[in-house]
Amino acid sequence: MAAYDDRDGKIWFDGQMVDWRSANVHVLSHAMHYASSVFEGERAYNGKIFLSREHSERLHFSAGELDFAIPFTVDEIEAAKAEVLQVNGLTDAYVRAVAWRGAGEDMGVASARNPVHLAIAAWEWGNYYGDAKTKGAKIDIAKWKRPSPETIPVHAKAAGLYMICTTSKHAAEAKGCSDALFMDWRGYVAECTGANIFFVKDGEVHTPKADCFLNGLTRQTVISRLQDKQVKVHERVIMPEELESFQQCWLTGTAAEVTPVGQIGDYNFEVGQMVLDVADDYEKLVRS
């Protein structure tokens with residue numbers, strides 16, 4: 001597979017389509033040094049981005065949480081995403097919009113005088129967890145914990161929040177796992193490095209309360225669909241010792257979509273009918 005900086009195609013960059021290999025930033029961009037960057041991961045199915053506007057609106061919200069304003073409206077971002085797909089001849093694709101503080105007059109922690117940039121790229125991307133959709137993903141338990149909302153803007157999709165995700169996923173992969181499960185600062189079950197988590201017990205669904213991590217759009221969609229089908233969904237505190245009592249488990253996320261989990265640490269789960277039904281329902285929804 002070609003490196004992500006060495007591909008054919010076009011990337012939308014501050015209002016212009018540029019050659020993929022020319023979509024570069026200066027080494028003294030503020031985002032590189034101080035993580036002043038927010039992003040969205042989206043998927044297009046049959047040429048239509050699922051929940052596209054909600055993603056664009058969340059990008060603006062995340063930027064606001066990091067105290068900067070994106071110099072393009074939601075409508076302009078929507079048009080740009082559609083153009084990226086069209087120019088690159090893509091119908092089923094992953095779409096990445098990223099906004100960041102660039103290089104400017106400031107090079108300390110403060111960066112109010114630096115320009116804000118926006119770029120949008122798209123590429124073909126298959127199953128995030130490989131064959132886990134049929135076999136169930138194998139999940140490690142991370143040594144890091146999700147921080148308190150009093151310490152960081154936990155509901156923003158901000159690049160800096162993913163630092164412990166990268167290190168945790170590297171550690172998981174070294175053990176032959178696909179991902180890692182975080183506890184939060186209180187010791188409660190939280191989420192994986194790039195996906196929310198759900199459990200099944202006696203026909204009812206349990207998922208951690210999204211009070212210190214991103215309330216994913218896929219998470220919200222799956223909860224709504226389950227409730228429409230009269231499935232009881234408990235959004236609540238989940239203790240680590242409860243993991244052994246659950247029969248099924250799955251992950252949700254734009255990249256992950258709906259992916260069954262077969263193992264978390266020493267705990268095993270069946271790839272059961274409810275997980276399969278949820279995955280099938282989601283697949284039909286995004287392609288409808």
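This is a predicted model: local features need pLDDT of at least 70, side-chain atom pairs count only at pLDDT 80 or more; totals for chains, interfaces and linings use all residues.
Residues are numbered from 1 along each chain as its sequence is written, and side-chain values use heavy atoms, with hydrogens and water left out.

**Stop 1: strand β11**

Select residues 204-208, which are strand β11. Helices (H or I, at least four residues) and strands (E, at least two) are DSSP runs, numbered from the N terminus. Four of the five residues here are buried, so β11 is largely enclosed by the rest of the structure. Buried means under 20% relative accessible area, exposed over 50%, and partly exposed in between (1.4 Å probe, protein chains only).

(Strands pair if DSSP finds at least two bridges between them.) Look for Lys 201 opposite Glu 204. Two residues sit between the strands of this hairpin, where Asp 202 takes a positive phi near 50 degrees.

Next, show β12, residues 233-236, which runs parallel to β11 and is joined to β11 by four bridges. Thr 207 has Glu 235 as its bridge partner there.

**Stop 2: helix α2**

Jump to residues 52-65. Helix α2 has 14 residues and reaches 20 Å from first C-alpha to last, close to the 20 Å expected at 1.5 Å a residue (the expected span is 1.5 Å times one less than the number of residues). Which residues of α2 are buried? Colour Ser 52, His 55, Ser 56, Arg 58, Leu 59, Ser 62 and Ala 63. They cover an arc of only 160 degrees around the axis, which puts them on the same side of α2; the arc is that of the directions from the helix axis to the C-beta atoms.

**Stop 3: aromatic rings**

The structure holds 13 aromatic pairs. Rings of Phe, Tyr and Trp (its six-membered ring) pair if their centres lie within 6.5 Å; planes under 30 degrees apart count as stacked, over 60 as edge-to-face and the rest as tilted. Pick Tyr 94 and Trp 123, a tilted pair at 5.2 Å centre to centre with 50 degrees between the planes. Both residues are buried. Then try Phe 198 and Trp 250: this pair is stacked, at 5.3 Å and 10 degrees.
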